Structure formats: C-alpha cells, structure tokens
Amino acid sequence: MRGPDEWCLGRRQERRWIARALSPPRHLRMLLLEGPPGSGKSVLAAFAALLAKSRNWQVVGARVEAGAAGCRWVVTPEPSATCAEPSGLGTGSAVPLSQGSSAASLIDVLRPLGKTAPCLLILEDVHRLEEAALEGLRLISDRLDPAPVVVLMTARCYPVSAQLAALRWALDPAAFLAVGPLPEAVLRTLAERELHGALGPGLISCLSQVGGNPGFLGSFLQTLRRHRSITWRTTPGGPSPIADLNQDLPRQLWEDLVVGGWDLSPETRYWLKLASVLGPRFSLRAFVQLTGRHAADLLTLLEEALAAGVLEERGGEVAFRAELYQKALYATVPGALKAELHRDAAKVLEHLEASPEAVGWHLVRAAGSGSRQETVAWFRKNAADLVAASPHEAADLLAKSVALCSPTDADFPELVADAAAAWVAVGEVGQAERLCRQALGHVADARQRSRIRGYLVEALLHRCQLSLAAQTLKDEEEIGAVEREENLRAEATAALIRLLCGETRAVAQQVPILKARSVAGGDRLALSRALLVDSLVREREGDLGAALRLAAEASALGETAGEGSFTDPFPASAQAMFLMDLDQFGAAQALLRRQGTSQRAWWPFMRFLMGFSWFWSGTWTRAAREFEAGIGEALHHGAGWRVAARGLYALICYGRGDKETAREWMAIAEAEWASGDRGYRVGWFLLAKILIAHCEGAVDEAAYWASRAESLSESGGVWATIGPWVVHHGREDQKPALAYKVLGKLEAMVARTPTALGASAALHAVRGMVLDDPTMLAQAAAIYAKSGRLFEQALACEGAAWVFARRGEEDRAREQLRVSLGCFERLGSDVLAKHARNRLASEGVRLTVGRTRPITGWEAITASELRVLRLIVQRRTNPEIAVDLAISRRTVETHVSHLLSKLGVESRWQLAEEAARHFGWHLSLKDSQDA
C-alpha cells in the first residue's frame, strides 16, 4: 500500500495546507481547491482522504457528473483507502441534484456524518454544478453546520459561474487554495516511476512540453507503450535502464494522442489542428483570417478548449498549454496541406504587419521546389530593410535563405557572403566562420571564393585568431591581381592583421597607398578600415593625439558608410581606448554607451572597454560588474578579447581578498593567452600576473612575467600603464635594457602628446625607479592623481614611500604610505593596502593610520563585509554564511549589524535590495531553506 505522500510529489505547500485544514473540527468547515485541468486536484483530494482515514475519520466522496437529465452526485460512502486510481475516489450510487428535492436526498445520506467521529466530505468538480445544485449545496451547509464536518471541494478555474464565484468569495481566505502546474523535475520523477527506469534526452525534452499536466503526461506515456515507441538501453554499471523515444514515431501514435490526450469534440479537434499550424502561440486575429470564419463562430471552440485546459490566454494571445499536444495535432495534418497552410499563414501575418521573423518561420516550412526562389527573394528583401533597425534579425533571415538554397544555385555564393557579413556585424563570428568554411567547399568561382574567404578572415580577426587569419590571407595568392585590386577593404584588413602581429614598419609604409586608393575608388568602408590601421600605427609610434583623431574619423566614416548596411565596431572601440589613454574616461564611457545603443550585438565587447575605463579611473566595483557581464555575454568573440578583462578582474578579486576566484580567473586567462589568440592590450593581463605574484612574495615569478611583457609588440597606451611596473619587477640583469626601451617609448609619447598625463606620470615613475629617486616617484603620483588614475597613484606612492624608507626619511615615507593606503581603501582593496603596510614595516616604517574610510555609505563597507553582503543578497542565513566563509556566527552577526548601520536600513531584505540595485547583483526571491 502506497503512502499518501507518494501521490503528491512536488506539492509540499498544498500537503501542508491540507494537513492544517484537517485539524479536528468542531463545526462545519468548507474548503476549495481550484486549478486548471490536469493540475492534480483529484490527487490532492485522494491524499486528503488517506490522511483522514489514517486519523480514523469518516470519509465520504462525491463527484459531479453532467448528463442529459442534468447534474447529479455520484456518491461513494466508503472511498477506497488504497486509492489505486488517484484520479478518483471510486463510484457508487447516483443521487440526482437537478431538482430541488435532490438536496434532501443527499442530506439523508450525509445526516449521520459527524456523530461518531469527524467526517471528511469530498465534492469533486463542483464547477459543473447548475444553479439548483448550488442552492442544494448551500442547503447542505445549513443543515450540517453544527456537525464536525470538513467539506473539501475541487473546481476548475474556467469557466466559473456567478454562483460558484459567490461561494468562493464567501469562504474565508485561508479556506481557498490555487493549485498550479507541476514543475518539470516532479514530472520527471513521475515518469521514471511509471517506466521503472531513467529517462533519455528525448523523453526529458518532452517533459518541458506537457505544460505541467501529469494527466497528459500519463496519456503520452501510455500511448508510447501501446505503440512500442520506447527503446531501452543499459549503461555499464548504471543503476537502472534508460528509456527513450524511438527515432521515428508513427503517425498513428500522434493521432491516438490527439484523441486520448484530452476529451474534446471532433469539431474542436479539427479547428485546433488548423491552429497548430500557427505554432505553439498565436493571435486570434491571425487564426480568424487563416480559417476564414467570423470570430463569433469560434466562441464555442474557444470555450471548450479553454475549459479543458488545452489552450490558455497569454498577454492578448492564445497558447497551447502543452506544446506536445500542439506537436501531435501538427503531425496529423497531411504534408501537402501543411505547406499550403503555412503559405497562407505567411500571407496573413505579412498583411497583419507581423515581424519578418514570424513570417519567415512559415515561409521556411512552406518552401517547396516551386516556391523556393520566391521565398529566398522575400528573405533577402526583408533582410536589407532590417539591417539598420534590427541587424540580428537581418542576419537570421539571410541565414535562412542560405539554408534554402543549393550550392549549385547561381546566387548561392553571393548569399553566403551576405550572410557571413551579417553574422560578423552582429558579433556571431562563430556562425560566420562555419558558414564560410562550408561554402568554400562548394564554390568554384575564384572571385566568389575570394569574397567568402575575405569574410572568413574578418571572422577570424574578430575572434583574435590572428595566426589562422594570416594563413587564410596567404591562401589568397590563388586570386589574380584584378580581384585583389577590387577588394580594397580586404587589403586594409590584411594590413590590420599584420599590424597586430607586429609588422608595424611594413604596414606604416603601406597605409598611405591604401588611403589614396580608397579615396580614389570611393570605397568609404575601405577608407574607414585604412584610417583605423593608420590610427593604430600612430598609437604604436606614441602619437596618441593623432591616433585619437584618425580613429574618430574612421568611426564617423564607418557610421555614414554603414547606413543601410552593417557597420564596423573596431574604429569606435579604438577611439574609446585612445580616449582612456588620454585620461578622458568620461568621454570614453559616453562614446561606448552611444555605440552600445546603436550596435547592441557588440555591447558585450563594449562592456570590456567600459570595464577598462572604470578600472583605470579607480572605480573597481563598476569595473568588476562590467567585466563579469561582458565575459559572460561575449564567449563567442574569441579568447583574445577576454584575456585582459579576465586578468584585471582577477586583480580586483585578489585585492578584495577573494583569492580563490582570482586564481580561477587568472588560470583561465593564462590558458586563453597560451592558446595563441593575441588580444589587444593583453599587456594588462601580464601586469595583473606581475602584481599578484609580487604580493604573494613570488619574486622570480613576477620577474618571469615581466620578461614576457618585454617581448610584446604593443606600445603606446599599454606601455604607459604597464611600463613602470614591468621595469620595477624585471630581473636585475635585464632592468637596464628594459628601462632604456620603456623610457624611449614614453619620452616619444610625451613629446608628441604632452596632454597625456598618464604617460607623463609613467615617464616620471620609470625615471624615479631607474635613478632610485623618491622625489621623482612622488611627482609621478601627483600627476597620476591629477589624471584621475587612482590605482597607479597608489602604486607610485607605495614605491616612493619604500625608497624614502630605505633612505631613512621616515616622515616622508609615512606621508606617502598614508596616501597610498587611502587610495587602496577607496578602491576597496584591503589586501593591496595590507601588503603596502607590511612592505614598509619591513623597512622599519610603522604607521598608525587614522580612519580614511568613511563611516557610512557604500565606501564604508570593508572587503569582509562585502563578502557577507553578497551572500545576504543570495538570501543565505547567518549559519550558512558562517559555514561558507569559515567564520563564526557571532562574526557574521557583527558584520550584518555593521552593514545595517552603515547603509541606514532596518532589515536584511532592504539590505539585499539596496545591494542588488547598487552592484547589479541578482537578487534571490526565495530563502535558501525553502529553495
């Protein structure tokens, strides 16, 4: 005999409600369970019956049935205690209730209830009651009121008569419970119990398509068994066999599921088959125009389908509650008719001005041999119209047109090139690469192969796979000189790749020729790419002002040339980077926000640049948020673009004391860097490696990474940020040569761009390190402060304090150390501040620093309190936080008290809300113990 809980998996809240409701009653108590069909109301009623029987209660069940003569009660004086069929409580004598005297007939049966023991009266499907029957139910409540009886009623949500609605509102709020669909995990457990084995991927995917309806799931499994459409396999050492679907399911299976899945009239099933062609969700207006009927003619159909729970309303549209049933209906429509219906649906949706994606969904399914060219032409036309407003949808439409074409079609190469350009423009470079590689095996024309290979190179460039891009460019030797002359942008792209690979001098000689030919040919996109290459050459030569000017020209030219086509995100990215190099962080952030609005597909990449701006301007909390979001959203952009972001994020985590996360992110960044994908500004990753190794006391490791940084071909802005610290941490025998190299770069940069305060401060810092001059280091720190570079100011002050301490000037050392600690605390980096303090203490300089952290507000939160706050946002309890952070509960309580006081809130929930809003964290809505 099964226990009551076995029937109610996933219904913990409902079982608790029933258990509380079945406390020993002293008078009549009426309860109502309400939910859609197939939500398990009868199972819960059976659970209530078993629970009452276990307490020695009397149990009487009754179910309402509607017939030609009206409604009647089917009464079971002794419901089955085993509940072998959880969908009901058995059958018994019929007591008609369509007449006024029928209430008395039922009362005669129920009168003895409650005299010897409490009684549970279960009334199922009361939504079927007529007005006279409801009056009888009210009479029952009047007659049995003094008796210790609990009346448990079940009803559907739709339709609800006025009398039943009045009865519901008359109940105490605690006497009403809404029952919803079962979660997928519970359905999986039920299916495994039914099949006595584990589920394969095919069956698991079906669970998400049954709408949480255990009854429909049971019908589906029974139908599969009847048609022997379940295959079994065993795994070596596995606990149980695995059940999955056969590869080909027979049409008869779907037809049986259509008939047996829901109790519907044949006419309703006919119209639902037509509706299934529109998809799992559709608008009534489209359905009306597709069927050619008036809306009023479909009223009966909709009422029956909604009442049965097959359809449900979702935001002005109608949807199949169980997508698996829609799939079954769709499978029973003949193939030829299905194609015509999809063609008609496409025309209807186009007339209703639906999205091209929705229209295209039907056109793809309607495209036979005769209409394929028409469908492809429609896709290409709408893709051209969507480029500016919705580039991702345009790319998707072009990809669909490629899928419909054959490689032997004359326009296939041109379609592939257009689709590849679209995928590159929206950032889906992996899609573009796969498409180009597949097409190159089918295209024989040299000119078309050249164009497709050019977009392959572009995709590899966006993924920072420079070695593969360079190799692909060598393959272009098969293309004649005429084709290369016509593809100016491809030449500019080739120059960009060679520049990123270190061929600065050769590319610098080629740039004027590229610019002149682009102007002569009137190719604005090629000129934009040539200007971008020129700006990067100037940046490597140290002329940041000219680099910024050329990048701005390239960005403006690319935007105007890209009207009605796809735009290039690289010029704006370079422009933002050069603004940071010139300490114009606010202007860089404004540019990135504007570009992110116009090029949403590239916003993940823009987040990296935004994170860089917040990092170097000293707002590490915002920087960490941008790095987390950007890396999570831009995994398809290639490893090279993520290396610098991962490195700086690891440095932020290390400074906060989260060394485990720092090691994890740094290991991933190191692996990506070692894979050969060289990203722009990868030197920042090496800076993070150097500083973390230095703080850990690994001097040899720091020197190793400094030597690796020496071999970088990057110059300009990256050396203005990493140069001083690479020189300081380099090997002693390499420092003179390295310092000479870096000094030359920085002197040229400052001479050409005097307004670059960061470069000027770096030059002072390197000179101070070479000459062991603390005054020069202090001047560097002052310039860093003027430029707004808080992190570099902290490092320069620490270096100046260390040199002052070695010279015995303890007062000046303390002064610089105090500024350094203040900067580190503003960054929220307690670990780096502690390291600076310990480093000076080793030189005999001990400093009792006054409070530099504010008393209240977000800046007053310490790193330890921040870790506790993150777990509070996840709704973790104090004991759980203590276990996670390996601290005592009393310490957690102290941190929570300080957080409430510093932020001026009164509860943990307010604390979690404010933290989630400030830091952009995900706010959990459930307590961990209830999750």
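Visitor: Is Trp 620 buried or exposed in this model?
Guide: Keep in mind that this model is predicted. Buried means under 20% relative accessible area. Trp 620 has a relative accessible area of 2%, so it counts as buried.

Visitor: How are the rings of Phe 615 and Trp 620 arranged?
Guide: Phe 615 is buried too, with a relative accessible area of 0%. Planes under 30 degrees apart count as stacked. The ring centres of Phe 615 and Trp 620 are 4.9 Å apart and the planes sit at 10°, so this pair is stacked.

Visitor: Which residues do ring pairs link into a cluster?
Guide: Phe 615 and Trp 620 both belong to it. Ring pairs join the whole group, which is Phe 612, Phe 615, Trp 616, Trp 620, Phe 627, Trp 684 and Phe 791.

Visitor: How many aromatic pairs does a search of the whole structure find?
Guide: One of them is Phe 216 with Tyr 325, an edge-to-face pair with 5.8 Å between centres and 85° between planes. Searching the whole structure gives a total of 17.

Visitor: How many residues apart in sequence are the parts that Phe 216 and Tyr 325 tie together?
Guide: Both Phe 216 and Tyr 325 are buried. Phe 216 lies in helix α8 (residues 214–226) and Tyr 325 in helix α13 (residues 323–331), so their pair ties together parts whose separation in sequence is 109 residues.

Visitor: Which arginines lie over the face of Trp 802?
Guide: One sits 4.5 Å from the ring centre, and that's Arg 806. Another sits at 4.3 Å from the ring centre, and that's Arg 839. Your names are Arg 806 and Arg 839.

Terms used
Residues are numbered from 1 along each chain as its sequence is written. This is a predicted model: local features need pLDDT of at least 70, side-chain atom pairs count only at pLDDT 80 or more; totals for chains, interfaces and linings use all residues. Side-chain values use heavy atoms; hydrogens and water are left out. Rings of Phe, Tyr and Trp (its six-membered ring) pair if their centres lie within 6.5 Å; planes under 30 degrees apart count as stacked, over 60 as edge-to-face and the rest as tilted. Helices (H or I, at least four residues) and strands (E, at least two) are DSSP runs, numbered from the N terminus. Buried means under 20% relative accessible area, exposed over 50%, partly exposed in between (1.4 Å probe, protein chains only). A charge sits over a ring if NZ of Lys or CZ of Arg is within 6 Å of the ring centre and within 35 degrees of the ring normal.
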